[in-house]
Every structure is written in structure tokens, then in C-alpha cells.
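The sequence and the structure are shown first.

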Amino acid sequence: MSDATTRDETIPAGSGALLRALRAIALLRESWIGMIGAALVLFWMVTAILAPVIAPFEPNATLMPFQKPGAVFPGNADVAAGTFLLGTDHIGRDIASRLIWGSRTVLVHAPFATVCAYLVGILMGLAAGYYRGWVDDLLSRLADIILSFPVLVLYVIIIAHFGASAANIVFAIIFASSPGIMRIVRGLVLDLRNRDYVAAAQTRGEPAWWIMVVEILPNARGPLIVDACLRLGYVTITIGVLGFLGLGLPPPDPDWGGMINETRSMALAFPHMVVFPCIAISSLILGFNLLADGLREISLRD
Amino acid sequence: MQLDESAPVLEIRDLNLSYYTRAGEIPAVIDFSLTVEKGESIGLVGESGCGKSTVAMAIMQYMGHNGAIKSGSIKFKGVELTTLGPDALRRLRGSEIAMIYQEPFAALNPSLTLGAQLVEVPMTHEGIGLGEARERALSVLTDVRLPDPERVMDAYPHQISGGQQQRVVIAMALLSNPALLLLDEPTTALDVTVEAGITKLIAELSEKYGTSQIYISHNLGLILEVCSRVFVMYSGEVVEEGSIAALFDRPRHPYTHGLFGCIALPTADKNAAPLRPIPGQLPLPHLRPAGCNFGPRCDHFVSGQCDQGVLSMQGVGDEASHRVRCVRWQSVVHDPESSHGAPQAPIDIGDTVLEVEHMQKYYEVRDRSLAALVSGQGVRWVKANEALDFDARRGETVAIVGESGCGKSTFAKVLMGLETATGGAVRHEGRDIGSIPVRERSARQIGALQMVFQNPFDTLNPSHTVGAQIARVIRKFGVETDPALVRQRVFQLLDTVKLPRDFFYRRPRQLSGGQKQRIGIARAFAGNPSMVIADEPVSALDVSVAAAVTELLTEIQRENETTLLFISHDLSVVRYLADRIVVMYLGQIMERGRTREIFEPPYHPYTEALLSAVPIADPDVRKREIVLEGNLPSVLDPPSGCPFSTRCPRKVGTICDDERPAVQLTDHGHAIACHIPLRELQEVPPVIEIPEAAE
């Protein structure tokens with residue numbers, strides 16, 4: 001029949017992780033929502049990687065305060081001339097450069113915190129779902145207790161107590177999101193543990209860790225990848241909110257939430273100081289969410 | 001829309017239907033014609049993917065977003081359905097054309113009472129009031145022989161058994177007195193004794209209401225019992241159609257011949273007359289060959305004749321309705337003898353491998369309700385296995401037969417070490433393993449006792465390649481450790497189960513159900529087991545695939561002199577495979593003996609009912625009809641006497657309710673647990689009569 005019939009077979013199956021990743025990307029083409037999401041995320045990833053090359057100014061250099069977007073910097077003894085594409089803030093730092101460098105903060109901390117939260121959540125979920133009984137009771141009640149706190153209150157308590165630093169932000173995110181991840185993993189494990197291939201592994205005397213990690217976990221990856229993508233969005237919001245509350249990374253290093261916080265009192269007179277960091281945060285979160293939607297859409301198809 | 005009552009109930013002409021998927025257009029039904037007269041019941045038989053369910057969906061005009069009728073017409077009482085608008089269709093569906101699905105629990109809404117779901121049908125279609133609708137519902141519930149219809153009306157679906165649920169679904173379909181009833185595998189999800197009751201009910205009701213039926217099934221035996229005409233479908237096309245008599249006595253199409261060769265009829269025997277699987281596989285819908293779809297798998301294939309052009313249905317001549325889609329039907333002769341494979345020498349039976357002595361497995365159930373606390377009955381015991389006694393010898397096939405909930409799977413779990421026995425002994429190769437969980441067994445012990453699982457779609461881990469999964473087993477059992485040798489051994493096993501060696505690199509989703517089950521067998525035999533437990537290994541597979549897998553299993557067993565413990569509910573497969581049979585009911589052994597003894601009197605009354613319930617696809621075989629009343633009792637609250645006493649048609653009196661029957665032994669070790677003396681059981685006429693002429 002048509003070429004479309006054999007498209008799935010054109011890439012040989014199961015030969016190497018790279019090919020499989022290529023296949024996943026090829027599938028993403030079928031969801032335009034997913035493509036938009038991927039484009040947004042990719043845009044910020046490239047920006048973060050190329051920050052030293054594409055940022056026009058030093059992000060922390062105080063040059064000319066209160067400049068509107070498009071204003072020209074004539075240059076001085078230390079810094080060459082250039083244009084403030086997005087204007088400058090109240091102490092004269094180039095907003096475009098701070099956004100570009102700030103993307104590094106978000107794109108390092110959000111994925112790192114999410115991965116760590118996943119490690120903890122997956123371990124808890126596997127144990128609770130596979131062993132059931134008192135292990136499940138203990139871990140599930142623990143998760144219930146953590147989840148019964150408003151998330152923001154949890155963050156404020158943890159960071160106010162331990163101090164604002166990158167490590168503590170990551171710790172707070174692990175603490176607050178791993179119970180949710182645990183619940184998802186537990187639910188998936190409860191279903192998967194009844195499969196015959198798990199029984200087959202049990203009847204050949206495999207140790208429990210092998211069954212959990214090798215037999216069960218890989219089959220839960222579909223829903224987990226979608227959830228991880230959504231959760232990356234939430235973590236991005238969290239990092240932004242913490243910055244805005246003054247609990248983010250300590251100044252002067254650029255941080256999108258912090259940029260909004262520092263200039264919000266001037267938002268009416270100088271909207272560009274607030275609007276551009278807001279757009280940066282929203283576009284990245286939107287990217288993660290659309291990507292998650294696209295992945296889900298593809299995974300639901302035949 | 002004006003229905004013409006004088007026109008045929010259903011007239012399908014030259015129907016072509018396609019699905020549009022990511023992979024392009026897939027023709028699902030090709031050149032399909034069918035006429036159903038009033039009161040007639042038509043059978044559609046075929047293996048999965050042959051398009052039989054799609055035909056039903058087309059009649060309902062419900063093909064999902066990606067299905068479309070390309071050409072042809074479907075007329076219901078003279079009204080063309082393919083061009084009918086949604087409003088007119090809604091008036092027809094459920095009132096004139098009703099459908100019964102395979103899984104009753106999925107067809108009923110779990111959050112509404114059955115009454116609410118039943119009265120809805122006439123209230124919507126006929127606009128009658130609630131009171132009248134309730135009256136009607138009650139009378140139909142009585143017709144489908146549900147005990148206590150008033151109570152059923154107020155019950156939720158989960159409060160009644162699967163068989164009762166299917167009866168409610170049938171009542172719902174009959175409520176508006178439809179002219180046409182579509183039944184899509186209505187009894188496949190049910191136990192055999194329940195199936196027998198439902199099948200009989202459907203036949204009686206359609207006679208009473210004058211309803212025409214289209215009965216879709218993969219089971220030729222069932223079709224024989226309920227239909228007057230049959231359509232055999234293969235790969236989207238009807239390959240043969242005709243009356244029951246013509247098609248079962250004088251099948252013309254090679255595929256129909258092939259199907260009969262795949263079924264374990266009473267004349268088949270694993271040594272003298274083995275099954276003969278159809279070679280090859282069903283072609284994928286987008287890779288169908290030119291000419292005859294069955295060509296590549298056909299013994300009578302002639303190049304240049306069978307692989308050209310479009311085949312049409314041709315009349316065979318013995319009767320008007322018998323037609324076949326084969327260009328060579330005149331030169332194809334069906335000889336029942338040749339439909340069997342070559343005879344094999346029987347396996348030598350060796351020493352005892354497995355001894356089960358008074359094995360018990362109880363589960364503790366804690367009731368934490370207030371009532372239980374007050375009455376002091378907080379802990380109850382589920383007796384999943386009670387006093388099991390039997391043995392199995394080297395090279396022998398022992399079958400455990402019973403319906404769901406009889407404890408056969410629990411027994412398998414104890415054997416495999418996933419559970420430990422509560423009492424008694426299970427000796428494998430002389431060692432009591434009943435109380436040793438799998439984690440404490442040695443690798444050799446584990447490897448010596450392996451299992452083939454039921455569900456082919458579940459038996460392999462979808463995340464790992466076939467090769468990696470078999471290799472793991474080989475290393476785990478310490479058969480080989482050197483990577484090159486392990487690989488060599490995997491290749492050997494793939495050869496043994498007759499799969500190409502490049503399956504090593506494949507993932508389970510690239511395999512068909514039959515291929516997956518072959519890998520499951522390869523995995524079970526990886527550790528050179530002395531005994532393999534097969535838990536319904538072929539029940540989820542299509543007829544022709546099941547035959548191939550069954551034959552493969554016996555062949556490997558023959559080569560390795562493995563003991564096979566075959567767990568099944570299907571007595572016809574068991575008769576074919578087993579040397580000895582153990583019949584279980586509610587965790588206890590009702591009867592055990594050699595296969596011939598089980599199929600001949602004396603019978604335990606439960607065995608008798610089981611034998612009668614199994615459909616046999618041979619019109620010459622006569623069966624005595626025994627339909628069991630009532631439901632399987634709950635394992636939490638079993639009868640205190642004989643477990644079968646609540647449903648037994650031969651119950652002798654209160655002794656059955658109060659006293660557990662003693663096991664009566666004949667001279668050859670044939671054991672029956674029943675209060676009726678052996679002498680009386682001996683005089684019971686046989687259930688199945690096979691005419692001598694067939695010998």
C-alpha cells in the first residue's frame with residue numbers, strides 16, 4: 001500500500017537508544033501542540049547553552065538605569081557600545097542579558113530538582129506498591145501528611161528555616177513533590193505487579209529489587225515521562241515564585257522570579273522591567289505543558 | 001423511515017468496509033453479502049482479525065471515527081441503513097436491533113441499579129411510563145430465568161454473578177422485542193457450565209420472541225449448537241457459507257478443512273491422530289496476497305490459478321445456500337482422516353515426579369466490621385485447596401480441570417513457591433516443596449519446575465528484548481554463564497519452539513499472540529525442567545494458533561520426557577492432551593482417574609455436567625443435556641457437606657448437605673468423591689455418544 005503503511009518499520013526497532021529517541025521525536029511530529037511545546041523548550045535550552053555568546057552585556061554590570069527597550073548604550077571604558085534590546089532595570093542592568101543568563105538558573109535547577117524528586121518518589125512508590133502491607137501504610141500516610149500542607153507554606157517554612165540557597169531550593173522541591181510522584185508510581189505498580197511476567201520473575205526466584213527496577217519500572221515509563229514534563233513546568237513556577245518571594249537564589253545573580261520582585265514597585269512607570277521576565281517564565285512553563293500534552297496525545301493513540 | 005415487514009430482516013449486499021489508521025487504509029470487510037430471514041439464526045465464525053465483529057458494528061452503523069463503508073448496502077426490513085441519519089438510527093438501535101457483548105460487566109453501568117438500566121429501554125423507545133416499564137422488565141427478567149427478579153431490579157451489577165449479569169444484558173436486549181439480535185461472543189467470558197445455560201436460554205428466547213440472530217463466535221462447536229446457517233470468515237472475506245449440515249459434513253474450503261483439523265474433536269488423539277495446525281500465519285491486513293487470501297497457507301495452492309484476480313463466491317451445488325470462495329473447490333477433497341497429523345508413538349511413562357498428599361491451602365480473611373467483632377467471628381478461612389491427593393509421573397500429562405474459583409490456580413502457586421501450603425505435602429522429585437517459598441529454593445530446584453502462563457500478552461515483559469528475557473532465565477538457573485554459550489542456548493531454544501533466530505533482538509510488541517506464547521514455552525524449558533505447569537496456555541489464542549502451540553508443547557514434552565501439569569477448563573482439549581485427569585470443584589477433588597475413565601461412566605455428577613457443557617463441533621456426536629441451576633457458592637461460605645450439593649442434579653438427600661462424601665475407589669485407582677454408590681453411578685448412560693462409523 002502507501003508509504004505511510006511502512007513508516008513505522010523504516011526505523012529498525014530496538015536497535016540502540018539513539019534510534020529509539022529519534023523515533024519518539026518522529027512521532028512527536030504528529031502532534032502540533034507537542035511541536036510548539038518542544039520548540040519553546042528547545043528555544044530556552046539553546047539560549048541557556050549559548051548565553052556567553054549571545055548575551056550582549058554582562059548580566060550584573062550596572063550600566064544605565066531606567067532605559068526603555070531599544071535604547072542605545074554609547075559604550076564606556078570597560079564595556080563596548082550596544083543596544084538595550086529589552087531596556088534596563090532600576091540599577092542599570094541589561095534586562096535581555098539577565099533573562100538570557102537567568103535561563104541557565106532555571107534550566108539547571110528545575111530539571112535537577114525534578115530528577116531528584118523523581119528518584120525519591122519512584123523509590124517510595126515502588127516499595128509501597130510492590131510490598132504493600134505496612135510499608136505501603138507507612139509511606140502512604142507519610143505522603144498524605146506532606147500533601148495536606150499547602151505547598152507554598154511548605155516551601156516558605158523549609159527555606160526560611162534553612163536559608164535561601166540553591167541546595168535548599170532543590171531540597172524543598174524534593175520534599176514537596178516526591179509524595180505526589182510516589183502516589184502515581186504506586187498506582188502504576190499496583191497494576192503492573194499482577195502481570196504474568198512479574199509472576200514469571202518471582203517463580204524463577206528473582207530478588208525483589210530486580211523485579212521492581214527491571215521488570216516493573218520500565219513499563220511505567222510512559223505515564224511517568226508525561227508527568228515529569230508537567231512537573232518540570234510546576235517546578236519552574238515554584239522557582240519563579242520563590243524568587244519573587246525573596247526566597248530564591250541570593251542576588252545579584254540573575255533569577256527570573258527575583259527580577260520581577262525587584263522591579264514590581266515600578267511596574268506602572270516602567271512595565272518592561274516586569275513584563276519581559278514574566279513572558280520568559282510563562283513561555284517556558286507553557287512549553288513544558290504543551291510538550292506534556294503532545295506526549296500524552298501520542299501515547300494515547302494506537 | 002418506513003419499515004417493510006415483508007422484506008428480509010437484514011439484507012447486506014457487497015459490503016466493503018475500511019478502517020483508516022496511521023498505517024493507511026485497511027480493508028476490514030471485503031465483498032460481504034448476507035440475508036437474514038425472520039427467526040433465522042446465523043453464525044459468523046473466524047479467528048481474530050477476520051472482520052466478524054466489524055460486520056456487527058457496520059449493521060449497528062457504529063464504526064468509530066476511523067471506519068467507513070466504501071460500497072455496498074445494508075438494508076434492515078427494506079430500509080437502507082448506510083444513508084440513515086443519526087435520529088432515525090437512534091430509533092432503530094436498541095429497539096429494532098439489539099446487541100449483546102462479550103463482557104457483561106463492561107456492558108452494565110456499575111453506578112446504576114439494574115432496574116434503572118432496564119426500564120430505560122422501553123421508556124426511551126416507546127415512551128411508556130415507569131410503572132409499565134417496570135412490569136415489563138420484571139416479566140423479561142423472569143423469562144431469562146433469574147431467581148428473584150424483584151431483588152435483581154434493586155441490585156447493582158457487582159452484586160450478581162457474571163452469568164447473571166449476562167442474563168440481565170440479554171433481558172435488556174429483549175425488552176424492546178427487537179427483530180434482530182447481534183451477539184458478539186456472548187459466552188466467551190463465562191465458565192463452561194454457565195455458558196451452556198446461557199446458550200440454551202438464547203435459543204429458547206429467540207424462538208419464543210421470533211427474533212433473528214447473528215451469532216459471532218470463534219467456537220465452531222457453539223455455532224453448531226445455536227445456528228442454522230454459518231459463515232466462515234478469513235482475513236476480511238467470507239470463504240465459505242452454508243447450512244450447518246452442509247458445512248460441517250461437507251466443508252469445501254481448505255480453510256474450513258484446516259479449522260476442523262485444529263479442533264480437538266473426540267476423534268483426535270495426541271498419539272494416534274494429532275491435531276494438524278494450519279501452516280503459516282494470518283496475513284496482516286495491508287499485506288494480503290494477490291488472489292486468494294488463504295493461498296500462502298493452503299495445501300491445494302496452485303500458482304497461476306490461486307494467486308490471480310479477485311475471487312468470488314461460487315455455488316457448490318449440494319444446496320442453494322452452500323457457497324465457497326475458492327477457484328479449486330472441485331478438486332479439493334475433504335477427507336476427515338487426512339485432517340490429522342502423522343501418528344506418534346506414545347511417551348514412556350516413568351517414575352513418579354510429583355506426589356501431592358493431603359495438600360491444603362487456606363487463606364485467612366479478617367473481617368473488621370462491627371458485626372464480626374461482636375459475634376467474635378473476626379477471622380475466617382478461605383479453603384482454596386482442601387485435601388488434594390494425586391501424583392504425576394515422568395513423561396505424563398496430568399490435567400486439572402475446573403471452573404473459575406475451583407482452586408486450580410492456587411495449587412499452581414503453591415507448586416511454584418509463590419504461596420506455601422497450609423498442610424499436607426507436595427513432593428517434587430522426592431523433596432517436599434510445599435512449605436518452601438521460592439526464595440528459599442535452589443536454582444536447580446526452581447529450574448526443574450517451571451510454568452507457562454495463560455495470557456500471551458502478559459507473559460513477556462514489553463520493555464525487554466526476547467533474547468534478554470530468555471538469557472536471564474538461563475543465567476539465573478545456572479545452565480550457562482559464559483555470554484557466548486548463553487546466547488547459543490537461547491538460539492537453541494528459539495529453534496526448539498520453531499521461531500527464527502532473529503527473534504532474539506525483537507521486542508514482545510512485534511510478536512503475535514502465538515509467537516509470544518512460544519517464547520513463554522521456551523522460557524519455561526530453559527532450565528531443563530522435569531515438570532512444567534501450563535495454566536490454560538492456549539485458551540486466549542485463536543483456534544489455528546492454539547493447535548500449533550498445543551502440538552509444539554507435546555512435541556517438546558515428548559523430546560524431553562517432561563511431566564506436564566495442564567490446567568484448563570476446556571474438557572475437549574484435556575481429553576486430547578491428558579493421560580490422567582483431576583476434576584476440581586471449590587478447592588476439592590471431585591473425581592480423578594485416567595482420561596478414558598473420566599469420559600465414561602461412572603461419572604461424578606459434576607463431571608457429568610461439565611462433559612455436557614462443552615460444545616463439540618461434530619454434528620454426529622450426540623450429547624445428553626444437563627444444565628446446572630444456580631451459581632457457584634462463595635468460597636467464603638462453602639456448603640458444609642459435599643461442595644457440589646447446592647447445584648447437583650443427582651442429589652440424594654440431606655446427607656449431601658451435611659456430610660462430606662468419602663472417596664470411592666475403583667480397581668484401577670479411578671476415584672470419585674460422592675455419596676451415590678459406584679454401582680449406581682456405573683449405570684448412568686454416557687453423556688457423549690460418538691457414532692461407531694467415525695472410527
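Which residue stands opposite B:Val398 in E21(B)? In this predicted model, the residue opposite B:Val398 is B:Arg580 of E21(B). The strands concerned are strand E15 (residues 397-401) and strand E21 (residues 580-585) of chain B, which run parallel and are joined by four bridges.

**Chain B as a whole**

Chain B contains 23 helices and 26 strands. Its radius of gyration is 27 Å, close to the 26 Å that the globule rule gives for 695 residues, so chain B is as compact as a globular protein of that length. Along the principal axes, the C-alpha atoms of chain B fill a box of roughly 75 × 70 × 50 Å. Of the 695 residues in chain B, 47% are buried. When contacts in chain B between residues at least 6 apart in sequence are considered, 69% of them join residues at least 24 apart.

**The sheet that holds E15 and E21**

Strands E15 and E21 of chain B belong to an open sheet of eight strands with mixed pairing, in the order E18-E19-E20-E15-E21-E22-E25-E24. At its edges stand strand E18 (449-452) and strand E24 (663-665) of chain B; each has a single partner strand, so one side of each is left without a neighbour in the sheet. From one strand to the next, the twist averages 20°. Helix H17 (residues 513-524) of chain B lies across E18 and strand E19 (531-535), and runs at about 175° to E18(B).

**The sheet that holds E3 and E9**

Another open sheet of eight strands in chain B, also with mixed pairing, has the order E6-E7-E8-E3-E9-E10-E12-E11. Strand E6 (97-100) and strand E11 (314-315) of chain B are its edge strands, each pairing on one side only. Helix H7 (residues 162-174) of chain B packs on this sheet, where it touches E6 and strand E7 (180-184), and its direction makes about 175° with that of E6(B). Within the sheet, strand E3 (residues 41-45) and strand E9 (residues 229-234) of chain B run parallel and are joined by four bridges. B:Ile42 has B:Arg229 of E9(B) as its bridge partner.

**Strand pairs in chain B**

| Strand pair | Sense | Bridges |
|---|---|---|
| E3(B) and E9(B) | parallel | four |
| E15(B) and E21(B) | parallel | four |
| E13(B) and E16(B) | antiparallel | five |
| E16(B) and E17(B) | antiparallel | two |

Strand E13 covers residues 352-366 of chain B, and strand E16 covers residues 423-428. Between these strands, B:Gln360 has B:Gly423 in E16(B) as its bridge partner. Strand E17 (residues 431-432) of chain B pairs with E16(B), and B:His428 stands opposite B:Arg431 in E17(B). The hairpin of E16(B) and E17(B) has two residues between the strands, and there B:Glu429 takes a positive phi near 50°.

**Chain A and the contact**

The contact takes 19 residues from chain A and 30 residues from chain B. On the side of chain A that touches chain B, helix H9 (residues 196-203) of chain A gives the largest share, six residues. The residues on that side of chain A divide into seven nonpolar, seven polar and five charged.

Elsewhere in chain A, helix H7 (residues 151-162) has 12 residues and reaches 17 Å from its first C-alpha to its last, close to the 16 Å expected at 1.5 Å a residue. Just after H7(A), A:Gly163 takes a positive phi of about 95°.

How values were computed
Residues numbered from 1 in each chain as written. Chains lettered and ligands numbered in written order. Predicted model: local features only at pLDDT ≥ 70, side-chain atom pairs only at ≥ 80, totals over all residues. Rg over C-alpha atoms; globule rule 2.2 N^0.38 Å. Buried ≥ 20, exposed ≤ 12 C-beta atoms within 10 Å, placed from the backbone. Contact = placed C-beta atoms within 7 Å. Nonpolar A, V, L, I, M, F, W, Y, C, P; charged D, E, K, R; others polar. Pairing = 2+ DSSP bridges. Axes fitted to C-alpha atoms, helices over the stretch in contact; angles between N-to-C directions. Expected span 1.5 Å × (residues − 1).
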